[in-house]
Amino acid sequence: MASALGMRTRPNLSSHVLWHAVTGPFTPKAGCFRLLSSTQSGEGEGRNSASLQGRTCMVTGGTSGIGYAIAKKFVQEGTSKVTLIGRSEERLETAAAQLRASTAKSNGITPEVEIVIQIGDIGKAGEWLRNLEKAMTDTDILVNAAGISHSKILPKTEPDEVSQILQTNLEGAILTSRAFMRAAIRGRVRSRSESPKSSSKPSKCIINISSLLALKGGVGAVPYAASKAGLLGLTRSLATEAAASMRDVIIRSNAIVPGYIETPMISDFSDGEVARLKDSIPLHRFGRPEEVADAAVFLAQNEYANNCVLNLDGGLSAV
Ligand SMILES: NC(=O)c1ccc[n+]([C@@H]2O[C@H](COP(=O)([O-])OP(=O)(O)OC[C@H]3O[C@@H](n4cnc5c(N)ncnc54)[C@H](OP(=O)(O)O)[C@@H]3O)[C@@H](O)[C@H]2O)c1
């Protein structure tokens with residue numbers, strides 16, 4: 001579908017120059033796809049000690065909350081390119097601008113980072129897979145953070161709502177993982193033909209943002225809990241399948257299992273509900289998105305982390 005329009009040749013990116021490339025039909029409900037990118041050249045050399053120096057990443061749900069915090073932390077850790085995926089161009093542009101502003105401030109050093117935004121509904125990823133795969137070219141780290149939640153008991157949940165939650169939270173992550181693996185296979189073939197004796201590269205990594213509701217019961221979250229439990233199955237199966245099928249490309253697959261994290265997703269909880277929940281958490285507070293982002297950095301940079309499932313819930317999983 002979108003490939004019929006072809007991709008424009010990417011121009012040389014210069015500092016603060018925006019690049020627009022419409023690579024698909026602009027029909028938001030059908031999973032439209034558009035890129036906007038900018039680089040920032042730094043006055044310094046960046047942080048050589050950064051743990052993700054020179055890596056590239058894609059974050060679905062990068063406009064807000066946990067996904068945005070991960071993108072920001074990855075940039076601070078030296079990532080050279082970040083692609084943010086979300087449904088709204090406006091929210092993506094705002095997030096990209098905030099990322100640029102935050103990198104400019106860190107230590108007075110502006111690291112060289114390319115920020116790309118990609119508009120698309122991850123719940124309809126099947127409709128723009130080719131473009132997704134193209135955008136994954138040379139991506140080292142995929143973070144599946146896009147997600148929606150709802151609070152309704154099952155008898156009152158409409159079938160469409162069930163489908164939307166499963167498609168966004170689970171099917172989207174399966175299809176982005178598929179695109180990531182296919183792009184890695186193509187990259188392997190390309191790098192072999194370009195430099196047959198190239199030395200081994202660091203592994204690639206997928207990080208799925210699951211939820212404590214994948215493991216612990218709750219009321220009013222049946223499809224959400226099922227989608228998040230599915231992400232743990234995806235994480236586990238990918239870890240074994242990638243090892244068996246990808247030969248010389250190493251893809252690690254890991255998951256984070258957050259409890260309650262202070263993001264827009266939980267901002268409509270009533271005061272009474274917040275108080276009750278905090279009371280039940282051993283640390284008596286919700287987590288911060290930055291605390292989840294720290295875990296993502298660990299999973300991205302630790303070469304032995306595979307099927308590593310990290311819970312960050314203030315101890316709620318223990319009670
Ligand atoms: N906050 C918590 O307490 C908590 C706990 C456990 C797990 N989680 C999980 O953490 C992840 C991030 O959630 P959050 O708390 O950071 O919530 P959030 O602030 O509401 O962010 C959700 C993100 O997902 C994106 N998104 C939603 N539907 C999408 C779609 N169909 N296609 C593309 N992007 C989509 C949103 O982007 P646009 O709206 O701009 O498209 C936004 O960037 C979710 O998977 C959530 O289930 C959150």
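This is a predicted model: local features need pLDDT of at least 70, side-chain atom pairs count only at pLDDT 80 or more; totals for chains, interfaces and linings use all residues.

Student: At what angle do α1 and α7 pack, and how far apart are their axes?

Tutor: The angle is about 55°, and the axes are 8 Å apart. Angles under 35 degrees would count as roughly parallel and those of 65 to 115 as roughly perpendicular, so α1 and α7 are oblique to each other.

Student: What span should helix α7 have, given its 13 residues?

Tutor: Helix α7 covers residues 289–301, and at 1.5 Å a residue it should span 18 Å. The C-alpha atoms at its ends are 19 Å apart, which agrees.

Student: Which residues of α7 are buried, and what do they pack against?

Tutor: Pro289, Val292, Ala293, Ala295, Ala296, Val297, Leu299 and Ala300 are the buried ones. Their packing partners are α1 (65–76) and the strands β6 (141–144), β7 (204–209), β8 (251–258) and β9 (309–312).

Student: Let us take Ala295. Why does Ala295 count as buried?

Tutor: Ala295 has 22 other C-beta atoms within 10 Å, and a residue is buried if that count is 20 or more. Apart from neighbours within four places in sequence, Ala295 is in contact with Ile256, Leu310 and Leu312. Leu312 is 17 residues from Ala295 in sequence, and their C-alpha atoms are 8.4 Å apart.

Student: A change of topic: where is Leu238, and is Leu238 buried or exposed?

Tutor: Leu238 belongs to helix α5, residues 222–245. Leu238 is buried, with 25 other C-beta atoms within 10 Å.

Student: What does Leu238 touch, leaving out residues up to four places away in sequence?

Tutor: Leu238 touches Ser177, Ile206 and Ser253.

Student: Finally, the whole protein. How many helices and strands are there, and what share of the residues is buried?

Tutor: There are seven helices and nine strands. Of the 319 residues, 43% count as buried. Among contacts between residues at least 6 apart in sequence, 77% join residues at least 24 apart.

Key
Residues are numbered from 1 along each chain as its sequence is written. Helices (H or I, at least four residues) and strands (E, at least two) are DSSP runs, numbered from the N terminus. The expected span of a helix is 1.5 Å times one less than its number of residues. A residue is buried if 20 or more other C-beta atoms lie within 10 Å of its own, exposed if 12 or fewer, and partly exposed in between; C-beta atoms are placed from the backbone. Two residues are in contact if their C-beta atoms, placed from the backbone, lie within 7 Å. Axes are lines fitted to C-alpha atoms, for helices over the stretch in contact, and angles run from 0 to 180 degrees between N-to-C directions. Angles under 35 degrees count as roughly parallel, over 145 as roughly antiparallel, 65 to 115 as roughly perpendicular and the rest as oblique.
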